[in-house]
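Please look over the sequence and the structure shown here. The briefing that follows goes through them topic by topic.

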2 protein chains.
Amino acid sequence: MYRSHTCGELRDSHINNEVTLSGWVHKTRDKGFVTWVDLRDRYGITQLVFDEDRTSSELIAKARELGREFVVQVTGKVIERASKNPNIPTGNIEVLVEELIILNESKTPPFTIENETDGGEDLRMKYRYLDIRRNPVKNNLIFRSKVSMAVRKYLSEEGFIEIETPYLIKSTPEGARDFVVPSRMNEGQFYALPQSPQTFKQLLMVGGLDKYFQIVKCFRDEDLRADRQPEFTQIDCEMAYVEQEDILNAFEGLTKYLLKEVKGVEINSFPRMTFDDAMKKYGNDKPDIRFGMEFGELNEVSQHKDFNVFNSAELVVGIAVPGGNSYTRKEIDKLTDWVKRPQVGALGMVYCRCNEDGSFKSSVDKFYDQNDLAKWAEATGAKAGDLICVLSGAKNKVRTQLSALRMELAERLSLRDPKVFAPLWVVDFPLLELDEETGHYHAMHHPFTSPKPGQLELLNTDPAAVRANAYDLVLNGNEIGGGSIRIHDKETQATMFKHLGFSPEEAKAQFGFLMDAFQYGAPPHGGIAFGLDRLVAILGGQETIRDFIAFPKNNSGRDVMIDAPATIDETQLKELHLKVEL
Amino acid sequence: MYRSHTCGELRDSHINNEVTLSGWVHKTRDKGFVTWVDLRDRYGITQLVFDEDRTSSELIAKARELGREFVVQVTGKVIERASKNPNIPTGNIEVLVEELIILNESKTPPFTIENETDGGEDLRMKYRYLDIRRNPVKNNLIFRSKVSMAVRKYLSEEGFIEIETPYLIKSTPEGARDFVVPSRMNEGQFYALPQSPQTFKQLLMVGGLDKYFQIVKCFRDEDLRADRQPEFTQIDCEMAYVEQEDILNAFEGLTKYLLKEVKGVEINSFPRMTFDDAMKKYGNDKPDIRFGMEFGELNEVSQHKDFNVFNSAELVVGIAVPGGNSYTRKEIDKLTDWVKRPQVGALGMVYCRCNEDGSFKSSVDKFYDQNDLAKWAEATGAKAGDLICVLSGAKNKVRTQLSALRMELAERLSLRDPKVFAPLWVVDFPLLELDEETGHYHAMHHPFTSPKPGQLELLNTDPAAVRANAYDLVLNGNEIGGGSIRIHDKETQATMFKHLGFSPEEAKAQFGFLMDAFQYGAPPHGGIAFGLDRLVAILGGQETIRDFIAFPKNNSGRDVMIDAPATIDETQLKELHLKVEL
């Protein structure tokens with residue numbers, strides 16, 4: 001037996017007990033007559049003591065030779081500490097060591113195993129197993145496990161069944177790029193790894209399973225932007241005999257439960273907002289509603305004068321920055337520079353100070369009088385002491401720009417409190433999205449999403465106007481889940497494929513099994529999928545998903561620890577009937 | 001809202017309530033003046049009634065047109081049934097339908113959606129979504145979900161953390177064949193799908209996570225024997241600072257919990273047996289101990305006479321068949337034919353009847369007297385009324401043959417009761433196994449398994465004699481889990497790789513990251529993995545794992561429903577720098 005207790009367990013009540021502990025040497029301090037060792041394991045740190053009065057000189061010599069991260073087993077007596085450490089749960093006691101066994105030695109680790117480490121990202125990834133010993137990483141992984149368990153508990157109790165869908169499936173060129181897996185037994189053929197279990201969960205609904213969920217790995221062979229992973233985890237859910245309302249209610253329940261269970265936060269407000277409203281009010285389909293600064297559209301109150309910049313703009317829109325009138329001219333100029341950065345791309349910014357005396361002072365006083373500016377204040381909800389920032393231009397572009405400014409200002413004003421959680425449903429998404437490059441429409445959610453009732457005909461005349469039974473769950477400005485009511489009849493599905501540019505043959509080859517299934521009594525159904533990596537990061541009050549993944553890949557899709565991917569044997573290739581052509 | 005209740009929910013207490021149900025038309029019976037429809041969903045069946053007295057003729061006409069598996073929504077009043085059906089929970093009531101909406105039609109399904117169906121395996125797999133509507137399949141999937149949840153609950157409460165390990169890893173030629181995944185971003189390189197998360201879970205122990213588990217898909221590109229799947233699910237576990245005893249105790253706990261939780265069975269006996277004993281007593285490293293018929297070795301009491309068949313045999317071994325003396329000569333001849341089948345491969349069988357009067361009658365009375373045969377009875381534990389069956393030959397072969405006979409007889413005697421559960425640890429497995437074809441030793445468990453303390457030197461002189469800290473969990477004659485204490489120091493691991501035929505360069509290229517990790521304070525650790533598919537099947541009292549997988553593949557590794565694997569686009573291949581060469 002390697003231990004009677006863990007390193008996080010001993011308290012006053014254990015004093016005088018004989019105990020055996022195992023763990024890593026976190027730190028040693030040698031004061032000559034006494035040597036202390038901090039012994040660490042997953043559960044905490046316990047102070048070991050060796051002193052000249054009570055410990056054999058042989059044992060003291062052995063203790064002095066311990067290096068950082070040595071693995072040791074000690075037996076000794078729990079004693080009261082002379083100087084207590086109120087910062088750790090075991091701070092009242094220490095263990096007077098009687099026996100010390102070195103279970104394994106350690107080379108000096110390439111970075112310090114501390115909450116704040118001196119190791120850079122690359123080094124920490126190469127030695128991820130050492131990085132995981134650090135509390136922040138370890139706690140993130142434990143937190144992730146807790147979130148997953150809570151999800152499973154809630155959904156199981158709500159009657160959802162976790163069903164494993166296959167990983168070796170069929171490649172479908174629609175959407176992102178698939179990872180493929182050559183089949184040795186079926187020469188020249190390939191499986192694909194799932195981008196999501198979408199079609200399988202729909203088939204489970206056709207199969208009568210009624211409520212399905214799965215926490216499941218999904219795969220996308222994309223060029224990796226920062227903080228994207230080629231493999232990621234989804235909480236995947238589907239329900240039969242439901243309308244959008246049923247799904248929103250079910251997963252509002254899950255969200256509230258999770259926030260209560262893992263964060264201790266009670267959610268009382270769970271608003272819903274249409275996509276159109278979100279774009280209008282926040283310039284964004286995943287608005288952070290922890291704070292205000294809603295958009296005020298100013299076309300009516302700004303296009304009646306001689307200011308051509310505004311007059312020629314499709315949209316003139318502003319936000320009120322709380323307390324922003326305190327900004328110096330220089331600070332405002334910097335803000336203007338910020339929106340003009342290529343990442344944001346505005347051509348300029350108009351501002352209007354709201355003075356304490358109720359008067360206004362704008363950068364366009366030449367064109368607008370106090371009366372005009374009062375109307376701007378009204379439209380943006382600006383109060384005395386605020387600053388109104390106004391952008392103008394093409395509607396979609398200017399909304400995106402002002403949204404970026406809104407988020408930046410909120411960050412600077414500390415309005416994005418990681419301890420506050422404000423969930424929101426965004427509903428009534430467009431069914432289709434125009435790809436500006438190709439001029440083709442593609443499915444905004446996916447090709448299985450059903451249009452709003454009665455809007456199928458509109459696909460022929462005004463595709464962009466068709467709204468879908470599609471919804472996103474937004475938390476603190478992040479999309480954490482998205483889903484839709486699905487098409488469940490063959491004809492509508494065929495129509496959708498046609499509008500997405502599939503020939504009937506292509507549709508049949510790729511999704512024939514699904515359309516066949518729809519002919520055998522497919523119930524109405526819909527679902528949602530959550531990105532677990534992001535959800536956990538947001539619940540953890542952090543932004544980087546990589547910190548919540550045990551063994552993440554870098555931006556080239558490489559695991560630098562195991563050094564994968566790698567070349568494979570010629571014989572392996574031959575068995576797969578493949579040849580590499582560089 | 002599609003339903004106010006499910007089809008399994010209505011009872012006497014709901015009588016006179018207005019309800020809305022949705023589901024599939026399971027069956028219709030038309031008696032002219034009255035039409036009944038059995039409406040089915042995941043939760044059960046509810047009888048709908050349409051009759052001339054109380055239902056509009058229009059509605060009756062509509063009901064009469066309903067086909068099997070149509071999806072309908074009905075609203076009506078719950079009424080007491082005239083003739084109750086005690087066999088179903090909703091059998092006391094029926095719903096007098098007032099409104100009927102056909103949500104979706106159905107073509108006639110290719111097989112009946114009944115507990116016993118007329119559909120063959122191939123057809124059921126092609127239309128798996130219809131097969132899943134059948135109770136036996138649906139219940140198996142629900143059962144699987146229940147088992148998984150119970151595993152997670154138990155392990156979480158025991159302090160295990162579920163951690164997701166990566167799916168895109170590195171190919172290692174050792175062991176079974178890997179499925180590989182070409183990397184587009186790393187030209188000419190490949191990921192491999194994990195055969196198990198073995199090295200990652202060990203790294204998590206090096207990382208200090210102490211207790212890990214994961215229910216995880218694993219992949220093996222093997223030629224598929226019956227009832228093997230290219231992708232399968234493992235309950236994967238690892239613990240640090242443990243000896244074999246700690247692991248056996250931990251997973252004895254899990255097994256008992258599972259049997260109690262999902263089967264209501266209390267396990268009081270959880271024996272342990274060495275590999276050598278299992279082979280000696282049962283001829284098998286996964287003995288079914290629900291019944292006796294232990295082997296009696298007869299060399300000493302059978303090689304002293306002139307019977308050359310026995311005298312020349314390495315092993316003479318018998319079992320006592322309870323009540324077997326009642327077999328006719330013809331039946332015994334048939335048994336002899338059975339052991340002589342090529343699948344078993346014995347050259348013949350000697351038998352000895354144990355008469356009620358205490359006398360014996362054997363097929364080799366020419367050589368052995370009553371005194372000799374009494375000793376056979378003693379060695380095999382045969383009682384009056386039993387039949388002793390004796391095989392002889394090379395030790396390993398004859399054990400396998402007699403084990404097959406033992407299992408066959410137990411089956412015929414109904415001793416393999418699927419309601420009885422008899423778990424067993426088999427311990428002290430050999431470290432290495434001789435591959436008779438190549439003459440090379442390979443790891444019996446895997447190359448990370450630690451030899452018994454002090455036996456490392458023996459590797460040089462008598463590799464086959466080295467025993468490992470390796471154990472299997474056996475349930476009712478099936479290996480449901482297997483694991484080992486791992487090597488945790490670089491030198492031992494290097495020695496193991498050497499004995500397994502790795503050059504130092506190969507070992508470094510493939511497992512360098514693990515051996516590196518062992519140099520930074522690797523704790524003693526060990527673990528176990530359970531095959532979830534098989535575990536669930538056995539707990540479910542069945543043998544075929546395919547019946548417990550939502551979308552299984554056939555023996556060619558094909559998913560016949562979605563028709564995968566399939567060819568992929570030339571452009572996809574080009575992006576991957578691959579060419580197919582048939």
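**Two chains and their interface**

Chain A and chain B bury about 10900 Å² between them, and 59% of that area is on carbon and sulfur atoms. Buried area is the accessible area, taken with a 1.4 Å probe, that two parts lose on being put together, summed over both. Glu164(A), Tyr241(A) and Tyr520(A) supply 8% of the area that chain A buries against chain B, more than any other three residues.

This is a predicted model, in which local features need pLDDT of at least 70 and side-chain atom pairs count only at pLDDT 80 or more, while totals for chains, interfaces and linings use all residues. Residues are numbered from 1 along each chain as its sequence is written, chains are lettered from A and ligands numbered from 1 in the order in which they are written, and side-chain values use heavy atoms, with hydrogens and water left out.

**How the chains are related**

- In the interface, 123 residues of chain A are in contact (heavy atoms within 4.5 Å) with 123 residues of chain B.
- Of the interface residues of chain A, 100% are also interface residues in chain B, so the copies meet through the same surface.
- Chain A is superposed on chain B by a rotation of 180° with 0.0 Å of shift along the axis, and the RMSD is 0.1 Å.
- This is the relation of a two-fold axis.
- The superposition is by least squares on the C-alpha atoms of residues with pLDDT of at least 70 in both copies.

**Chain A as a whole**

- Chain A has 17 helices and 23 strands.
- Helices (H or I, at least four residues) and strands (E, at least two) are DSSP runs, numbered from the N terminus.
- The C-alpha trace of chain A spans about 90 × 75 × 50 Å along its principal axes.
- Chain A has 582 residues, and 59% of them count as buried.
- Buried means under 20% relative accessible area, exposed means over 50%, and partly exposed lies in between (1.4 Å probe, protein chains only).
- Among contacts in chain A between residues at least 6 apart in sequence, 66% join residues at least 24 apart.

**A sheet in chain B**

- Five strands of chain B form an open sheet in the order 12-13-16-14-15, with antiparallel pairing.
- Strand 12 (296–297) and strand 15 (360–362) of chain B stand at the edges with a single partner strand each, so one side of each has no neighbour in the sheet.
- Two strands pair if DSSP finds at least two bridges between them.
- Strand 14 (residues 350–354) and strand 16 (residues 387–393) of chain B run antiparallel and are joined by four bridges.
- Tyr351(B) stands opposite Cys389(B), which is in strand 16 of chain B.
- Helix 12 (residues 395–412) of chain B packs on the sheet and touches strand 12, strand 13 (315–321) and strand 16 of chain B.
- The direction of helix 12 makes about 10° with that of strand 13 of chain B.
- Axes here are lines fitted to C-alpha atoms, for helices over the stretch in contact, and angles run from 0 to 180 degrees between N-to-C directions.

**Backbone exceptions**

- Most residues other than glycine have a negative phi, and most peptide bonds are trans.
- Asp210(A) is not a glycine, yet has a positive phi of about 75°.
- Asp210(A) lies in the loop between helix 5 (198–206) and strand 9 (211–219) of chain A, and counts as buried because its relative accessibility is 1%.
- Tyr241(B) also has a positive phi, of about 55°, although it is not a glycine.
- Tyr241(B) lies in the loop between strand 10 (231–240) and helix 6 (244–263) of chain B, and is buried, with a relative accessible area of 2%.
- A cis peptide bond, with omega about 0°, joins Ala564(A) and Pro565(A).
- Pro565(A) is in the loop between helix 16 (532–539) and helix 17 (570–575) of chain A.
- In chain B, a cis peptide bond joins Ala564(B) and Pro565(B), with omega about 0°.

**Two buried residues**

- Arg486(A) is in the loop between strand 21 (478–485) and helix 14 (490–499) of chain A.
- Arg486(A) counts as buried because its relative accessibility is 2%.
- The side chains of Arg486(A) and Ser484(A) are joined by a polar contact of 2.7 Å.
- A polar contact is a pair of N or O atoms within 3.5 Å; within protein, one must be able to donate a hydrogen and the other to accept it, and residues adjacent in sequence count only if both atoms are side-chain atoms.
- Leu48(B) lies in strand 3 (residues 44–51) of chain B and is buried, at 1% relative accessible area.
- The C-alpha atoms of Leu48(B) and Leu96(B) are separated by 6.1 Å, although the two are 48 residues apart along the chain.
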